[in-house]
Amino acid sequence: MRYFLAIFAMVVVAVVAVLGFRGTHFRKPPLYIIPDMEFQPKLRPQTANSFFSNGRSSQLPVPGSIARSTTLQSIHGPVLAFENVPVNTGLISGTTNYVEHNQLRVTAELLKRGQQRFNISCAPCHGALADGNGITRKIGAMAVVANLHDKRIVEMTDGELFFIVTHGRNLMGAYGPTVAVPDRWAIIAYLRALQLARLGVEEDLPEPMRATLAQ
Ligand code: HEC
């Protein structure tokens, strides 16, 4: 019993010593028996630092950075990159149906951008004419590349093409991670121009130009 009382008193003292002062403020720095991750070699924001040539710990965004709040001008008005809207998904909002038409205003500038991007991102496989005769076909790296002039593909909505480019389909990989949203729509606008160049009929031309065609 004597031992029990002595041990009990010691335990009470130990528990109060360890837990009793939790949350109390001290002037002296604490003892770090197990420092966990209290000390980390990191740069504090907005302090001086000699690592960078401009002597600051906080660096400016790299040129070309896109702010999260940057809007894209779609045909339905400005949208943000993370919004669940047709220009970002190719789908009619709240459904799994594809939108019919290009979600950016198709201008000569957009087509020019589309031509450049198509020749970089798609032509290696689908060919500069989109007929499936790209360099990967010639060197035998890829046996079946879709001919984008197939009736089935010509009849697809712009939204479906956007969805295919974004997520890939069958053997084709996804280009969403590497081709930005406005560039994907630009590519689709240019692809439509390529298809029209092959399938267009005289009636597609404005009246004054038809006369020159006949000559
Ligand atoms: C690495 C080669 C490669 C590149 C680059 C590539 N594609 Fe494809 N694409 C394919 C192959 C292969 C298929 C056929 C997929 C299948 O049916 O298995 C295909 C199919 C397609 C289809 C038809 C899908 C269907 O439903 O049959 C479309 C549309 C398409 N590609 C558009 C594009 C566009 C636009 C780009 C440029 C952003 C592009 N592709 C870049 C290889 C490529």
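Helices α3 and α8 are roughly perpendicular to each other, since angles of 65 to 115 degrees count as such, under 35 as roughly parallel, over 145 as roughly antiparallel and the rest as oblique. The model is predicted, so that local features need pLDDT of at least 70 and side-chain atom pairs pLDDT 80 or more, while totals for chains, interfaces and linings use all residues. Residues are numbered from 1 along each chain as its sequence is written, and side-chain values use heavy atoms, without hydrogens and water.

**Packing of α3 and α8**

- Helix α3 covers residues 108-121 and helix α8 residues 181-199; they pack at about 95 degrees with axes 7 Å apart (axes are lines fitted to C-alpha atoms, for helices over the stretch in contact, and angles run from 0 to 180 degrees between N-to-C directions).
- On the α3 side the contact (heavy atoms within 4.5 Å) includes Leu 110, Leu 111, Arg 113 and Phe 118, and on the α8 side Asp 183, Ile 187, Tyr 190 and Leu 194 are among the residues involved.
- By class, this contact has 11 nonpolar, three polar and three charged residues; Ala, Val, Leu, Ile, Met, Phe, Trp, Tyr, Cys and Pro count as nonpolar, Asp, Glu, Lys and Arg as charged, and the others, Gly among them, as polar.

**Ligand surroundings**

- The side chain of His 126 has an N or O atom 2.7 Å from a nitrogen atom of the ligand.
- An N or O atom in the side chain of Arg 152 is 2.7 Å from an oxygen atom of the ligand.
- A ligand oxygen atom also lies 3.4 Å from a polar side-chain atom of Arg 169.

**The chain as a whole**

- The chain has nine helices and two strands (DSSP runs of H or I, at least four residues, and of E, at least two, numbered from the N terminus).
- The radius of gyration, taken over C-alpha atoms, is 32 Å, well over the 17 Å that the globule rule gives for 215 residues, so the chain is more spread out than a compact globule.
- The globule rule is 2.2 Å times the number of residues to the power 0.38.
- The C-alpha trace spans about 120 × 50 × 40 Å along its principal axes.

**Asn 49**

- Asn 49 lies in the loop between α1 (2-19) and β1 (71-74).

Definitions and conventions:
A polar contact is a pair of N or O atoms within 3.5 Å; within protein, one must be able to donate a hydrogen and the other to accept it, and residues adjacent in sequence count only if both atoms are side-chain atoms.
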